[in-house]
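Please open the model in a viewer and keep the sequence at hand. The stops below are given in the order in which they may be selected.

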Amino acid sequence: MTIQNKHYAWLTAALLAVTGCTSVADMVGYDSAALNQSAAKNYTQVMQKAKSQGVLDTTSQTAHRVHAVFNRMKPYANQANGTGVPFSWQMNVIRSNEINAWAMPGGKMAMYTGMVERLKLTDDEIAAVVGHEMTHALLEHSKKAIGGQVLTGIGGSILASATGVDSNLIGLGADLAATKPFSRYQENEADAGGVRLMAQAGYNPQAAISVWQKMNQAQSGTSISVLSTHPANDARINAIRKMLPEVMPIYERNKR
């Protein structure tokens, strides 16, 4: 290790000791408002490209179901927003055989038709996926990832932190293909927050378990990008199961 690298490593360690990754992102100009604005711009580009490729689905039954679930959950996501910056939530459905869904900073979301159709998701199971991704945005997991990238010298675009976005669809740079998955802790946070959101919206939280069971069954298939960033395993299923006594009463009060 050179003297310069040693100094950089020492500085990185010192920064980590006094501040979290979110604060580092703020320090380098990626505060919540700026990050959400940049993500919104990139999201528009992604959807324009999807439209030009004829894969932006606005008319199918699958698209209508996803939007219905999303719109029903959105008020509860707004209530849960503790970032200090209002989100302009958007959902788009992309016609693709890929099993995937993602959320960018500021609540810009997408679900691929393969997620719903290949796994034969019920509306409750769609809500589990939507709630999970909403929680990633609400807890600013992408912002934390950017802070970590700055500290480790990785850098990269805003979209590189929007886990699961297809670089072939976006066409905005090869660095998107190097997106790192969220941590296991962040995935557990997204599971927990998503289960609460779906219960508040009147969707059965037990569906969060069946979604991951279906993911496990499909794991040997192809084009399942979500599995590389959302590890489906017995541990997370058991963690959700332990939450049911807490969230089922919320669901019972709000089910329709």
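**The whole chain**

Of the chain's 256 residues, 50% are buried (under 20% relative accessible area with a 1.4 Å probe, protein chains only; exposed is over 50%, partly exposed in between). This is a predicted model, in which local features need pLDDT of at least 70 and side-chain atom pairs pLDDT 80 or more, while totals for chains, interfaces and linings use all residues. Residues are numbered from 1 along each chain as its sequence is written, and side-chain values use heavy atoms, with hydrogens and water left out. Colour by secondary structure to find 12 helices and 4 strands (DSSP runs numbered from the N terminus: H or I of at least four residues, E of at least two).

**Helix 4**

Select residues 61–79, which form helix 4. A kink of about 35 degrees is found at Met 73, shortly before Pro 75 (the angle between axes fitted to the seven residues ending there and the seven starting there). Next, show the buried side of the helix, including Val 66, Val 69, Phe 70, Met 73 and Tyr 76. The buried residues of helix 4 pack against strands 1, 2 and 4 and helices 5, 6 and 9 (contact: heavy atoms within 4.5 Å).

**Helices 9 and 12**

Move on to helix 9 (184–200) and helix 12 (234–254). Their axes come within 8 Å and cross at roughly 20 degrees (lines fitted to C-alpha atoms over the stretch in contact, with angles from 0 to 180 degrees between N-to-C directions). Helix 9 is therefore roughly parallel to helix 12 (angles under 35 degrees). Among the residues that meet here are Val 195 and Arg 196 of helix 9, and Ile 240 and Met 243 of helix 12.

Definitions and conventions: The expected span of a helix is 1.5 Å times one less than its number of residues. Angles under 35 degrees count as roughly parallel, over 145 as roughly antiparallel, 65 to 115 as roughly perpendicular and the rest as oblique.
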